[in-house]
Protein chains: 2
Amino acid sequence: MTLKEIAKIAGVSTTTVSYVLNDSKKVSDEVKDKVMHIVQEANYQPNRIARSLRVNRTRTIGVMAEDITFPSTMRIIEGIDRFAEQNNYNIILNSLGFSDKLRHHYEDIHLYKNKIDNALGILISLQVDGIIYIGMHDRDVSGAIHTDKPLVYTYCYTNDPKDYTVTYDNQIAYDMTRYLIEKGHKKIGIISGPINSTPSHKRLIGYQSALNDAGITLNLEYIQVGNWSYEFGYSASQKLLLMEERPTAIFALNDYMAMGAINAAMDMGLNIPEDLSVVGFDNIDMGKYTRPGLTTIDMPLEEMGRVSAEIIANLSADIVDEKRDYIFPCTIVERKTVRVF
Amino acid sequence: MTLKEIAKIAGVSTTTVSYVLNDSKKVSDEVKDKVMHIVQEANYQPNRIARSLRVNRTRTIGVMAEDITFPSTMRIIEGIDRFAEQNNYNIILNSLGFSDKLRHHYEDIHLYKNKIDNALGILISLQVDGIIYIGMHDRDVSGAIHTDKPLVYTYCYTNDPKDYTVTYDNQIAYDMTRYLIEKGHKKIGIISGPINSTPSHKRLIGYQSALNDAGITLNLEYIQVGNWSYEFGYSASQKLLLMEERPTAIFALNDYMAMGAINAAMDMGLNIPEDLSVVGFDNIDMGKYTRPGLTTIDMPLEEMGRVSAEIIANLSADIVDEKRDYIFPCTIVERKTVRVF
DNA sequence: CTGAAAGCGCTTACAG
DNA sequence: CTGAAAGCGCTTACAG
């Protein structure tokens, strides 16, 4: 069934049918009703491919995800989808499948140039209105993509101030440290990702500032720098707990490391939170179900996705926006891994 | 940049350019080289929208997911994506967002008819070559979708034998029960989903058959029927553990209930697996990190996704396939929650 | 308020 | 081996 056939049945021109379908010009109610009736009857769905070709716009957002199996990626896509649904956009999903090969080499974005270029070519040929690049880990992906299309990076960033970027605010690390201090903790260990990672860096600064503002002197031994993995969390926790003056609380900079930290403590016969408090970062699903429930930090990932999509929509409608960096605040989710003194 | 412009620069017809681009007819090497050179130079990407309109095929698979934030959904999409990447297909993703509203009303598929119909209309208008419907829970979704397009249901099923369906084999419940028996367990409790759910039903049969084959008489009190939730797992576990002759092992029919079961036991002061063995079903990520690691059942979700996509590809290429139901075997993933007697 | 006609960027049957 | 031309299903400037 095509618009032409509808027109024929209705005894009007295709022009008219198009007008009523898109409500783009005044059409008499009589004609409108007749056409709509036939459209419903036939359960006619206009061919959006044809429309797209004609108007040179697809209302399609290309989503390039480094790894769709990451929980953070999913929540971001969920947010994009929410926007898409409400605004008559569609999502073309392209997974780069990084995690298979990239484990613990997150920084080597250039190794994957080919894969990205290939995906970009596909998205371009599909005439997407814009592209959202979703990192699997918050890090510098400068130069990952070159295109004239509207483009936004989310859950990652670039060093080009002209790129659109949507992320969360690492300032929460300050708040979390302060939260621990307010609960009576003074000896706070921290398990961090690589020091050359910007989020690690920013969070470490938050941690130190909070300590400083509370008049607590920094103990450098309390800072364990590693690689984001469960295993590192485990070993770093052991090291911390074997110290003379062991911390009463550990702030792990992601939840996997927090799990490792907790399990190391438990394996040493310590109870959580009685003997050790542990907090994480990311609010992965797991933290809800573990014993005890993990106190951690939630990022507004759905909102980040929604806004990314909105930026694409605006940009492709030539609504200019001078703001390039969108940063959303995080929140502390309180569960059971923190002891109050 | 269009094919026409390429043709002009190369001094040949658009016909010829199209032939070399698609390798669809013999073209002299000389002309071919010239054209390809210009194509590379210009970094030209053919407009697939135009192509799709012309050939009436988009090489696009519409993926309708009841909830993309479910871990199972992600793994299935990952599998679809893998096929897509290797076979030059693309994915249009449509999330129904069921989990927001449907919690614990999984069976009421008809409540969501509108939402599904709407999504279907979009996918049709986008001229997808076929549709994969991904359930968020393995259950009957008969009549969810009516379309002439190639359609496969995965991680759910219908009562229409003409529908294409790809699922996993619940037979593994027999194997898991037997595994427990082989480890020396005779008193095995089971925490099940709703009895009117087919997977519950099938798994319960597997459990009973294994018991029967081992000459263990069934204790009906050991069968707790509930609703798949963590909370139910918790309360059912309590009930089981308060019995005179309490089970030495609990088989929870999903991992969330298994977590609930474990936590209930721990809250009663029991140790896992010394005092109680617990196994789950689903192999959600969490089970890897909890203490102790959860022994559970893994479904080949990526493979299910891959095959779903392959069915669509075949169907839309008019390759007929009499097989309608694809069923894949599951595997037991052994971790630390089972005690050996 | 309505319609005839051109054209979006491709592919392909046909002719040479 | 190569090209002129029709047509996929829409939208829209233009004319009436």
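Trainee: Which residue takes a positive phi just after helix 8 of chain B?

Mentor: The residue is G184(B), whose phi is about 105°. Helices (H or I, at least four residues) and strands (E, at least two) are DSSP runs, numbered from the N terminus. The model is predicted: local features need pLDDT of at least 70, side-chain atom pairs count only at pLDDT 80 or more, and totals for chains, interfaces and linings use all residues. Residues are numbered from 1 along each chain as its sequence is written, while chains are lettered from A and ligands numbered from 1 in the order in which they are written.

Trainee: Which residues of helix 8 of chain B are buried, and what covers them?

Mentor: A residue is buried if 20 or more other C-beta atoms, placed from the backbone, lie within 10 Å of its own, exposed if 12 or fewer, and partly exposed in between. In helix 8 (residues 172-182) of chain B, the buried residues are I172(B), A173(B), Y174(B), M176(B), T177(B), Y179(B) and L180(B). Their cover includes helix 9 (198-213) and strands 6 (188-192), 8 (249-252), 9 (277-279), 10 (296-298) and 12 (331-333) of chain B.

Trainee: Which residues other than glycine have a positive phi, such as Q127(A) and N88(B), and where do they lie?

Mentor: Most residues other than glycine have a negative phi, and most peptide bonds are trans. Q127(A) has a phi near 60° and is placed in the loop between helix 7 and strand 3 (130-134) of chain A. N88(B) has a positive phi of about 60° and belongs to the loop between helix 5 (71-86) and strand 2 (90-95) of chain B.

Trainee: Is Q127(A) buried or exposed, and is N88(B) buried or exposed?

Mentor: Q127(A) counts as buried because it has 21 C-beta neighbours inside 10 Å. N88(B) counts as exposed because it has 9 such neighbours inside 10 Å.

Trainee: Where are cis peptide bonds found in chain A and in chain B?

Mentor: In chain A, a cis peptide bond joins I272(A) and P273(A), with omega about 0°. P273(A) is in the loop between helix 11 and strand 9 (277-279) of chain A. In chain B, the cis peptide bond is between I272(B) and P273(B), with omega about 5°. P273(B) is in the loop between helix 11 (255-267) and strand 9 of chain B.

Trainee: At what angle do helix 1 and helix 3 of chain A pack?

Mentor: Two packed helices are described by the angle between their axes and the distance between the axes. Axes are lines fitted to C-alpha atoms, for helices over the stretch in contact, and angles run from 0 to 180 degrees between N-to-C directions. Helix 1 (residues 3-10) and helix 3 (residues 29-42) of chain A pack at about 125°, with their axes 10 Å apart. These two helices of chain A are therefore oblique to each other; angles under 35 degrees count as roughly parallel, over 145 as roughly antiparallel, 65 to 115 as roughly perpendicular and the rest as oblique.

Trainee: Which residues make the contact of helix 1 with helix 3 of chain A?

Mentor: Two residues are in contact if their C-beta atoms, placed from the backbone, lie within 7 Å. Helix 1 of chain A gives I6(A), I9(A) and A10(A), and helix 3 of chain A gives K34(A), V35(A), I38(A), V39(A) and A42(A). By class, this contact of helix 1 with helix 3 of chain A has seven nonpolar, no polar and one charged residues. Ala, Val, Leu, Ile, Met, Phe, Trp, Tyr, Cys and Pro count as nonpolar, Asp, Glu, Lys and Arg as charged, and the others, Gly among them, as polar.

Trainee: How do helix 1 and helix 2 of chain A pack?

Mentor: Helix 1 and helix 2 (residues 14-22) of chain A meet at an angle of about 105°, with axes 8 Å apart. They are therefore roughly perpendicular to each other. L3(A), K4(A), I6(A), A7(A) and A10(A) of helix 1 of chain A touch T14(A), T16(A), V17(A) and S18(A) of helix 2 of chain A. The contact of helix 1 with helix 2 of chain A has five nonpolar, three polar and one charged residues.

Trainee: How many residues of chain A are in contact with chain B?

Mentor: 36 residues of chain A are in contact with 36 residues of chain B. Elements of chain A that give two or more residues to this side are helix 4 (48-55), helix 5 (71-87), strand 2 (90-95), helix 7 (113-125) and helix 11 (255-267). The side of chain A that touches chain B has 18 nonpolar, 12 polar and six charged residues.
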